[in-house]
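Okay, everyone, thanks for coming. Let me put the structure up and walk you through the parts I'd like you to know.

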Amino acid sequence: MTDIISASEKIAHIRKEIERHNHLYYVEAKPELSDYDFDKLLEKLIALERQFPDLVTPDSPSQRVGGTITRVFPTVQHREPMLSLSNTYSLGDLEEFYNRVRKLLLLEGVHEQDMVAELKFDGVAISLLYRKGILVRGATRGDGVQGDDITANIKTIPSIPLRLPDLGSLFALGEESEVEVRGEVFMRKEDFEQLNESRPEEDRFANPRNATAGSLKLQDSREVARRKMSFVAYYLKGYDDDAASQFQRLRQLEQLGFYTGGHYRLCHELPDISRFIQEWDEKRWKLPYETDGVVLKLNDARQWAKLGATAKSPRWAIAYKYPAQQAKTVLHAVVFQVGRLGTITPVAELEPVLLAGSTVSRSTLHNFDEIERLGVMLHDRVIIEKSGEVIPKVISVVLDERPLDAEVVRVPLVCPECGTHLEKPEGEVSYYCPNEDDCPAQIRGRLLHFASRDAMDIKTLGKALVDQLVDLKLVGDVGDLYLLQEPQLEMLERMGRKSAQNLVRALDESREKSYERLLYALGIRHVGQATARELASAYPSFSLLRLATEEELATVPDIGPVVARSICDFFSKPSLPDFIDKLERAGLPLCASDPKEQVNRNFEGISVLFTGGLERHDRQKASELVLERGGRVVGSVSKKTSLVVAGREPGSKLDKALKLGVKVVTEDEFEAML
Ligand SMILES: [Zn+2]
């Protein structure tokens, strides 16, 4: 019993530390601990909780790493409808809104009209429900009346407190107490860029908002935890509702451990509001996240209900959106890039122009449908825009200024890299170069992807070197890399003996990379890091994966029919057997090195209690063996306990087990069961 008591104290202590560091890092942005030390702390907690599963609680920080798979998100009712705000782009509309609120307030005999101005985060609105201070539900806005219950995914977001602090006099955590917090889940620019880098080019998200919306809907919460999302809170209900101003409530949210962004201001007059809007129009580009406007709310929350709402939006609040940043420039040329999957992308070469704080000289035109839609011609004056998207895009042509030498942008008939006739598969918007095996652009793209940081991480294999290797036909696929010899490499431009040795060593080291990395590095269409991870755990070797049918693949979490089809296509290419042979001879990891999946799961559903000293393994190792096989380890005996393992000098738990009729085995018998 003392074991479990001291463990429970230890666990409580570590949890407190973790939440404190989480708050310092994600809310206050003043970390005290390195990422490494933080991970160590979390690992320690997870190990302890594994040993004492009875001590796991829903508010433990270990819940943040995810692990649950949800097939269908249940629908839940919102306690009060989640209305969306009406939007405006004009300061005139804003003034109208302000005057309308004043009239309505005067009807109520209220003369004071303070407004709170908050930055508008471009994210996904959610509602959090805390019962007795513990987070019990996280739901999407849905249609405003009912949304999806995505609690497991929500818990992985570090800036969302899993438990509210008990602030004593302010708030008594009664049996029935329910607190609702609403806000926006969003992705910081840096986290968004990192996420996109880890994905196949064809599956990148257009902007942080899309990435957030997509991530919240994932079925595997472990994957959600890797997506690094943040939460900003702006609504509080059920907690000290006497605090009747929005300004006070924002402060209270901060006291409760939520992130509010901090950039809100109490405005007494209309000019204060305009000033706030102007100020942030400039400053917002320096923020680590994207904001697309300012939200204004009547500060006196007691008046909200009286002012009420129209069918869609409340009358006491409005969102002002900044007009997108635009610039006019000249389209000099359109060049065609060939991606590693053969996709032809038209890219606009522009007269360099300053836009939203940076110089822009190129912009993607996506595909030929887009060129047609815009009606853009060479030498045209075009308007480019930067709004939610990170990359600026051409949005329109200034037809009045079309020059006499304007020329139609022609679809190339052949691949600019290899001369093969281009194809446009039915139902798709892009043209492809079908010369998969020999198109130099595609080979280069595959090699660079293979060597990239999240793939095999071969730093010495850069663009200049890849160009030479492909031009000289020294390398035709990634398997050929491992046949390269130092003397051959030394003869290349800018290579020398030292660089040649470095490359050979780097290739050598890459053999030690994991099987799931290799799966990602092969660059199968639609297979990003996350999909590669799922595939590696469902099919721990290449030989198993090759045999999988489309239907089987589609049952793996987060793999849809399109991805399943593309994996099957990859494995049914006629050149594949030779390619796999080459990879095998190169000594690349064609199966998982730690094939956990192959351990039998014969303890599934069985709870085991250890008592007394063990001879063969220590307590921790024995617990791990049970966990690996799908069982649970418990700290106390009850009728529900399936098995008691009695070691040397067993304690009172053995007597209790015998009394309750629980099955008791010796350590040797346990070993045999394993
Ligand atoms: Zn080609």
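Let's start at glutamate 649, which counts as exposed because there are 9 C-beta neighbours inside 10 Å, and the cut-off for exposed is 12 or fewer. You'll find glutamate 649 in the loop between strand E21 (643–646) and helix H24 (652–660). Its phi is positive, about 40°, although the residue is not a glycine. As background, most residues other than glycine have a negative phi. Do keep in mind that this is a predicted model.

There's another one of these at lysine 228, where phi is near 55°, again positive in a residue other than glycine. Lysine 228 sits in the loop between helix H7 (221–226) and E8.

Six of its eight residues are buried, so E8 is largely enclosed by the rest of the structure. Strand E7 (residues 178–186) runs antiparallel to E8, and seven bridges join the two. If you want a spot to look at, find glycine 183, which stands opposite alanine 233 in E8.

Let me zoom out for a moment. The protein chain has 674 residues, and 32% of them count as buried. Its secondary structure comes to 25 helices and 22 strands. Along the principal axes, the C-alpha atoms fill a box of roughly 100 × 85 × 45 Å.

The chain is divided into domain 1 (2–65), domain 2 (87–321), domain 3 (325–408), domain 4 (440–510), domain 5 (515–597) and domain 6 (607–673). Have a look at domain 1 and domain 6: their centres, taken over C-alpha atoms, are separated by 26 Å. The contact between them takes six residues from domain 1 and seven residues from domain 6. On the domain 1 side, that's three nonpolar, one polar and two charged residues.

Here's a pair to set beside that. Glutamate 551 and threonine 611 are 60 residues apart in sequence, and from C-alpha to C-alpha they are 47 Å apart in space. Glutamate 551 lies in helix H20 (residues 550–553), and it counts as exposed, with 10 C-beta neighbours inside 10 Å.

On to a sheet. This one is open, with five strands in the order E2-E11-E10-E3-E9, and the pairing is mixed. Which strands are at the edges? Strand E2 (87–88) and strand E9 (265–267), each of which pairs on one side only. E2 pairs with strand E11 (residues 317–321) in the parallel sense, over two bridges, and there asparagine 87 stands opposite alanine 319 in E11. Packed on this sheet is helix H3 (residues 91–107), which touches E2, strand E10 (291–298) and E11, and its direction makes about 170° with that of E11. H3 has 17 residues and reaches 25 Å from first C-alpha to last, close to the 24 Å expected at 1.5 Å a residue. Just after H3, glycine 109 takes a positive phi of about 80°.

H12 is mostly covered, with ten of the twelve residues buried, among them Ile443, Leu447 and Phe450. What does the covering? It includes strand E12 (325–338), helix H13 (463–471), helix H14 (478–481) and helix H17 (515–521).

Last stop, a hairpin. Strand E13 (residues 344–355) and strand E14 (residues 358–364) run antiparallel and are joined by six bridges. Valine 353 has valine 360 in E14 as its bridge partner. Two residues lie between the strands of this hairpin, where alanine 356 takes a positive phi near 45°. That's my tour, so over to you for questions.

Technical notes:
Residues are numbered from 1 along each chain as its sequence is written. This is a predicted model: local features need pLDDT of at least 70, side-chain atom pairs count only at pLDDT 80 or more; totals for chains, interfaces and linings use all residues. A residue is buried if 20 or more other C-beta atoms lie within 10 Å of its own, exposed if 12 or fewer, and partly exposed in between; C-beta atoms are placed from the backbone. Helices (H or I, at least four residues) and strands (E, at least two) are DSSP runs, numbered from the N terminus. Two strands pair if DSSP finds at least two bridges between them. Two residues are in contact if their C-beta atoms, placed from the backbone, lie within 7 Å. Axes are lines fitted to C-alpha atoms, for helices over the stretch in contact, and angles run from 0 to 180 degrees between N-to-C directions. Domain bounds come from an automatic or database domain assignment. Ala, Val, Leu, Ile, Met, Phe, Trp, Tyr, Cys and Pro count as nonpolar, Asp, Glu, Lys and Arg as charged, and the others, Gly among them, as polar. The expected span of a helix is 1.5 Å times one less than its number of residues.
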